[in-house]
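Please look over the sequence and the structure shown below, and then follow the paragraphs after them, which go from one part to the next.

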Amino acid sequence: MGEPHVHPLLACYLERRNELVRYFRVRLRSEEAAQDLVQDIYLKITPPPETPIDNPAAYLYRLGTNLMLDRIKTQRRSGQRDAQWRGASGGADWDTADEPRADDAVAARQRLAQIVAVVNDLPPAVQEAFRLHKLEGLNHAETAAAMGVSRSSVEKYIMTSLKRILAKVGR
């Protein structure tokens with residue numbers, strides 16, 4: 001039995017993940033925002049498109065740029081909407097509520113419980129990688145060092161955990 005076939009777009013993503021993070025870190029001026037954006041790229045290409053991609057690297061950068069621009073537009077619109085609300089409220093010193101609506105909070109708690117259940121069913125090494133990377137905030141290299149495994153192993157563990165969460169809980 002040979003090595004399972006990896007879609008060329010996913011292979012390109014894995015190969016260029018660090019470059020993508022660096023590229024978007026400069027543009028977003030934030031390591032966390034860049035990591036989130038690159039993770040969103042992964043979620044957008046999983047499962048990979050059925051139509052062949054001529055230039056996977058260019059596709060990934062274009063997808064990331066589009067996601068980045070969408071985020072910027074959303075943040076800008078939100079700021080404008082909040083400013084309009086404050087203006088329409090007669091200049092009252094009201095702020096927008098920081099708490100979610102009650103039904104949103106309940107739904108979020110239920111979703112979190114589902115995710116926790118999925119993570120608890122993962123193999124121990126995958127659980128540890130997920131905890132260190134997603135909860136403790138370590139990057140892949142730091143996670144690999146903490147676990148005493150290769151960076152490639154950590155990337156595979158994280159992908160395994162995210163695929164399982166997506167399959168069981170959805171986006």
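What covers the buried residues of α3? The cover includes α1, made of residues 8-28, and α2, made of residues 31-44. The buried residues of α3 themselves are Pro56, Ala57, Leu60, Tyr61, Leu63, Gly64, Thr65, Leu67 and Met68. This is a predicted model, and everything that follows should be read with that in mind.

The protein chain has seven helices and zero strands, and from the N terminus on its elements run α-α-α-α-α-α-α. Along its principal axes, the C-alpha trace spans about 70 × 40 × 30 Å. Of the 171 residues of the protein chain, 28% count as buried. Among the contacts in the chain with a separation of 6 or more, 58% are accounted for by residues 24 or more positions apart.

The next step is to see how α1 and α2 meet. Two packed helices are described by the angle between their axes and the distance between the axes. For α1 and α2, the axes come within 8 Å and cross at roughly 145 degrees, and this crossing is right-handed. On the side of α1 the contact is made by Leu10, Tyr13, Arg17, Leu20, Val21, Phe24, Arg25 and Leu28, while α2 contributes Glu31, Ala33, Ala34, Gln35, Leu37, Val38, Gln39, Ile41 and Tyr42. Sorted by class, this contact has twelve nonpolar, two polar and three charged residues.

Leaving aside residues up to four places away in sequence, Val38 touches Tyr13, Arg17, Leu20, Val21 and Phe24. Gln39, which also has its place in helix α2, touches Tyr13, Arg17, Lys134 and Leu162, again not counting residues up to four places away in sequence. Is Gln39 buried or exposed? Its relative accessible area is 11%, which is under the 20% limit, and therefore Gln39 counts as buried.

Helix α7, made of residues 151-169, is where Ser161 is found. Ser161 is buried, because its relative accessible area is 0%, and the residues that Ser161 touches, not counting those up to four places away in sequence, are Leu122, Val126 and Phe130. Glu155 lies in helix α7 as well. At 14% relative accessibility, Glu155 also counts as buried, and although Glu155 and Glu19 are 136 residues apart in sequence, their C-alpha atoms are 15 Å apart in space.

Helix α6, made of residues 140-147, holds Met147. Which residues does Met147 touch, not counting residues up to four places away in sequence? They are Ala125, Glu128, Ala129, Leu132 and Tyr157. With Ala125, one of these, Met147 has a sequence separation of 22 residues and a distance of 8.3 Å in space, C-alpha to C-alpha.

Two loops complete the tour, each with a backbone detail to look for. In the loop between α1 and α2 is Arg29, whose phi is near 55 degrees, a positive value in a residue other than glycine. Arg29 has a relative accessible area of 77%, so Arg29 is exposed. In the loop between α2 and α3 is Pro47, and a cis peptide bond joins Thr46 and Pro47, with omega at about -5 degrees.

Methods:
Residues numbered from 1 in each chain as written. Predicted model: local features only at pLDDT ≥ 70, side-chain atom pairs only at ≥ 80, totals over all residues. Heavy atoms only, no water. Buried < 20%, exposed > 50% of the residue type's maximum accessible area, 1.4 Å probe, protein only. Helix = DSSP H or I, 4+ residues; strand = E, 2+ residues; numbered from the N terminus. Contact = heavy atoms within 4.5 Å. Axes fitted to C-alpha atoms, helices over the stretch in contact; angles between N-to-C directions. Left-handed = near helix turned anticlockwise from the far one by under 90°. Nonpolar A, V, L, I, M, F, W, Y, C, P; charged D, E, K, R; others polar.
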